[in-house]
Each structure stands twice: as structure tokens, then as C-alpha cells.
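Please examine the sequence and the structure shown below.

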Amino acid sequence: MSPFSETSIVWKNGRLIPWKDATIHLASHVVHYGSSIFEGLRAYDTPKGTAIFRLQDHTRRLYNSCKIYRMEIPFSQDQLNQGVLDCVRANKLKACYVRPVVYRGYGTLGVNPLSNPVDCAVLVWEWGKYLGPEAMEAGVDVRVSSWQRMAPNTFPALAKAGANYMNSQLIKMEALLDGYEEGIALNIRGHISEGSGENLFLVKDGVVLTPPLSSSVLPGITRDSVMTLFRDMGVRVVEETIPREMLYIADEVFFTGSAAEVTPIRSVDRITIGGGKRGPLTEKVQTAFFDVVEGKAPDARGWLTFV
């Protein structure tokens, strides 16, 4: 994983401020109760300049997540989108990772969050390949986690909330300490859900399978992009409940996500998947994805917002 790299400017509550001044009080509600909603998206260096991938879709998901948690963002979606563009521009980065975050700030402490202010910020930084540059071709080794994804009607899986990622941390730490790059979580029924921070796809006999949203899956923007690209190629994509053992007998398995992009999986629980490296359909959709985000192919769907 690439090291974290500080930048110079943060957008916070409508203003561009120095990175070092982007602080919160220790008594902020978010510190004690995890009351934050966030997004993760990337800006890419293209021949036409820096472009942010599916900015409007990420912002829409952010607002939907906040709606679920009754957090009213004090800025319109257009204003927040402009804040993202201003922050990327101010830091003079050609390519970067973008982190909008909405959180309950300094007001009162207690489980009831409603009297606390809702603050907004945007961070950007340079971030390389999430699971390592070599993983994009060679793939990664993963394990099925002993930790399950949250059950329905406990934590809302459709919301990209900071508190949900305590579950992700348990999955990730367990995998790393056991010698794997990543973990795959099952849902409470024992069916495949997702990685600690990635959606999951399998290929079997030329058909692409992915768990449905009802399997405690985040509605990933990259997930949706990959499904769209496959369908453009004439490849059948099916959202269905997937048993754990399908991981072991699949022809190909890969992760998707704003951080992970399209990352092949070469083994699960020390069982080699396919040829033990990136498979042909994974490579095909990976190439199509990067061709779009890097401006090498026409942006037919308007997925790129130029800075």
C-alpha cells in the first residue's frame, strides 16, 4: 500500500484552508461515536488535463448516506462538487485520491447526535495502487474472514459511514496478520459479501457474477462502472447470492473500488484461482476501465469531470 502523503490545502465548510489548520476538537461527536459519512474517488491525469471519475455519482451517494443517518449537509451538491474541484486545483495535483467527509462536530456529547453541527471537508492526496502496483497483473492473495458483514437492520450497508469501517478494520487486520493482502467477508447467511473496502466479482464459464446489494454490499461506483463496461462488451453480468465455495472454483475473481480500481485475486484461502494470475475477462475490463479514466478512450457516458 502506498504511504500517506500530506498536501497543502483542505476545503472545509466552504473555505480553502492550510492542511495544518484542518483540525477538530477532541469533544467532537464524531470522535466518540463514529458519526461520519465519507466518499472516496480518484482524479486521473489525462491528455486533456486532470479529470475526476464520476464526481456527481459519488456526491449523490454521499448525500444518500447522510439522508439515511439524518445528517443534513449545509451545502448543495453543486457547492460540494465545486469544493472538490477547488481543492484538487489548489493542490496542483495531476492525479490524486479525493476524500469528501461529512461529520458531526463540536456541540454536545451523548448518543443523541441531533444537536451537533454537521461539518464538511474535502481532502486530496497522492495515492498509488491500493493493493500494490504489481497486484494489477499478478493479483493478490486473500482469505475469507472470520468476521462477517453487518446484518440487515443493524448498520445500513448502503451508507458509506465511518462506523461501518470498524468492521472493515477487523477484516483487514486479520488478513494482514495472517499473511494475506486482503480479506473477503461473508454475510450473516454465509454468502459472499465483499472485501474490507472493495466490491467483489467472480467469473465462471464466461459469466460475470457479483453479490447483490441485499448481501450487505456497498453500492460501489466502480462496481457499477465495471458492470456497465462488461455489458458494453456483450458479457453477461448477473447479480445473485453466491455461496462461499464458488470462490474456490471460479475461473477468475477480482476486486473493484475507487482505491483498488480493478485488482485481480490470485488465490483465496491458499487455493489458486484459475491460472493464479489476472484472468482474460479481468484484464479486458481492467483495460477498458483505465482507457476511460485515463482519457485513452471516448468518455461516452460523461464519467469524467475536468478540473
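D205 is placed in the loop between β11 (199–204) and β12 (207–210); helices (H or I, at least four residues) and strands (E, at least two) are DSSP runs, numbered from the N terminus. D205 is exposed, with a relative accessible area of 65%. In this report, buried means under 20% relative accessible area, exposed means over 50%, and partly exposed lies in between (1.4 Å probe, protein chains only). Although D205 is not a glycine, its phi is positive, at about 55 degrees. Most residues other than glycine have a negative phi.

The model is predicted: local features need pLDDT of at least 70, side-chain atom pairs count only at pLDDT 80 or more, and totals for chains, interfaces and linings use all residues. Residues are numbered from 1 along each chain as its sequence is written, and side-chain values use heavy atoms, with hydrogens and water left out.

K92 also has a positive phi of about 55 degrees and is not a glycine. K92 belongs to the loop between α3 (77–90) and β6 (96–104), and it counts as exposed at 74% relative accessibility.

The table lists the accessibility of three further residues.

| Residue | Relative accessible area | Class |
|---|---|---|
| Y33 | 39% | partly exposed |
| T263 | 1% | buried |
| V285 | 0% | buried |

Y33 lies in helix α1, which covers residues 29–33. With residues up to four places away in sequence not counted, Y33 touches L109, G110 and V111, where contact means heavy atoms within 4.5 Å. The C-alpha atoms of Y33 and N112 are separated by 9.8 Å, and these two residues are 79 residues apart along the chain.

Which residues does T263 touch, not counting residues up to four places away in sequence? They are L131, A135, M136, V140, F254 and F255. T263 itself is found in strand β15 (residues 261–268). Its side chain reaches the backbone oxygen of A260 at 2.6 Å.

V285 is found in helix α8, residues 280–293. Its contacts, leaving aside neighbours within four places in sequence, are V226, L229, F230, M233, F254 and V262.

The protein chain as a whole contains eight helices and 17 strands. Its radius of gyration, taken over C-alpha atoms, is 19 Å, close to the 19 Å that the globule rule gives for 307 residues, so the chain is as compact as a globular protein of that length. The globule rule is 2.2 Å times the number of residues to the power 0.38. Along its principal axes, the C-alpha trace spans about 55 × 45 × 30 Å.

Buried residues make up 55% of the 307 residues. Among contacts between residues at least 6 apart in sequence, 71% join residues at least 24 apart. The chain exposes about 13700 Å², of which carbon and sulfur atoms supply 54%; accessible areas come from the Shrake-Rupley method with a 1.4 Å probe.

How many positive and negative side chains does the protein chain have? There are 33 positive and 33 negative side chains, and the centres of the two sets lie 3 Å apart. Lys and Arg count as positive and Asp and Glu as negative, while His and the chain ends are not counted. The place of a charge is taken as NZ of Lys, CZ of Arg, CG of Asp or CD of Glu.

Conventions
A polar contact is a pair of N or O atoms within 3.5 Å; within protein, one must be able to donate a hydrogen and the other to accept it, and residues adjacent in sequence count only if both atoms are side-chain atoms.
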